[in-house]
Amino acid sequence: MKKTIVIVDDHVLIAKALEGIIDNFNDFEVIYVAENGKDLIQKFEEKNAIPDIILLDISMPIMDGFETVLWLQENHPDIKVMALSMQGDDKSVIKMVKNGAKGYLLKNTHPKDLEEALTRLNKDGYFYPEWASKIILSNLNNPHGSDGNIKISDREKEFLKYTVTELSYKEIAEKMFCSPRTVESYRDQLCEKLELKTRVGLAIYAIKNGFAES
């Protein structure tokens, strides 16, 4: 019997495309799609089937992924939740894991890798790709950071390296194999951590601290 999946994503076209991909997998089937956490709860209350797995976007109107996975953890802890998002920043990964997500993937994941991730999630109870595992382990081993009170992840250091170049954010995203939105989240988080306001400020920080040379 195939494991059942519900997709929660406010981007209908993306959700439908994802549904078509998953329905070609041997061991999984999508039983319905919800547009946000509130819509998912309503479908549960309307006696729609409770799935084995939920693929959950993070940035959604009305009820986002952070709130939704917390609600699921409290009300349906047996459902395995895999975050599927454009956001690959440390803060999002850690918050989703702390709220109860058992897996984390980016939306640019190849279909074969998605099938493997779902298989591992179903078999082992969790699945994190290598980049997400590094974020989680780094946070567990050093939750307060090692550079004074400032913690800069490997991905943020990689982004800092590119701030000294003439590359646009879109071009940096291509170099880092992520979305422009994720790159912007690295920029915003670093500006907040370092109390800087511009890319120039980040570039100067990168040069002074040796990140531009890596």
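**Briefing on the predicted protein chain**

The protein chain contains 10 helices and 5 strands. Its radius of gyration is 18 Å, close to the 17 Å that the globule rule gives for 214 residues, so the chain is as compact as a globular protein of that length. The structure is a predicted model.

**Overall form and surface**

- The C-alpha trace spans about 60 × 30 × 30 Å along its principal axes.
- Of the 214 residues, 45% count as buried.
- The accessible surface comes to about 11600 Å², and carbon and sulfur atoms contribute 51% of it.
- Among contacts with a separation of 6 or more, 64% join residues 24 or more positions apart.
- The chain carries 28 positive and 35 negative charges, whose mean positions are 3 Å apart.

**Aromatic pairs**

- The whole structure holds 5 aromatic pairs.
- In one of them, the ring centres of Tyr104 and Trp131 are 5.9 Å apart with planes at 90°, so this pair is edge-to-face.
- Tyr104 belongs to strand 5 (residues 103-106) and Trp131 to helix 6 (residues 130-141), so the pair ties together parts that are 27 residues apart in sequence.
- Tyr104 is buried, with a relative accessible area of 0%, whereas Trp131 is partly exposed at 25%.
- Phe159 and Tyr169 form a stacked pair, with 6.3 Å from centre to centre and 25° between the planes.
- This pair links helix 7 (residues 154-163), which holds Phe159, to helix 8 (residues 169-176), which holds Tyr169; the two residues are 10 residues apart.
- Phe159 is buried, with a relative accessible area of 0%.
- Phe159, Tyr169 and Tyr186 together make up one aromatic cluster.

Notes
Residues numbered from 1 in each chain as written. Predicted model: local features only at pLDDT ≥ 70, side-chain atom pairs only at ≥ 80, totals over all residues. Heavy atoms only, no water. Helix = DSSP H or I, 4+ residues; strand = E, 2+ residues; numbered from the N terminus. Rg over C-alpha atoms; globule rule 2.2 N^0.38 Å. Buried < 20%, exposed > 50% of the residue type's maximum accessible area, 1.4 Å probe, protein only. Contact = heavy atoms within 4.5 Å. Areas by Shrake-Rupley, 256 points an atom, 1.4 Å probe, with all protein chains shown as cover. Lys, Arg positive; Asp, Glu negative; His and termini not counted. Charge placed at Lys NZ, Arg CZ, Asp CG, Glu CD. Phe/Tyr/Trp six-rings, centres within 6.5 Å; stacked < 30°, edge-to-face > 60°.
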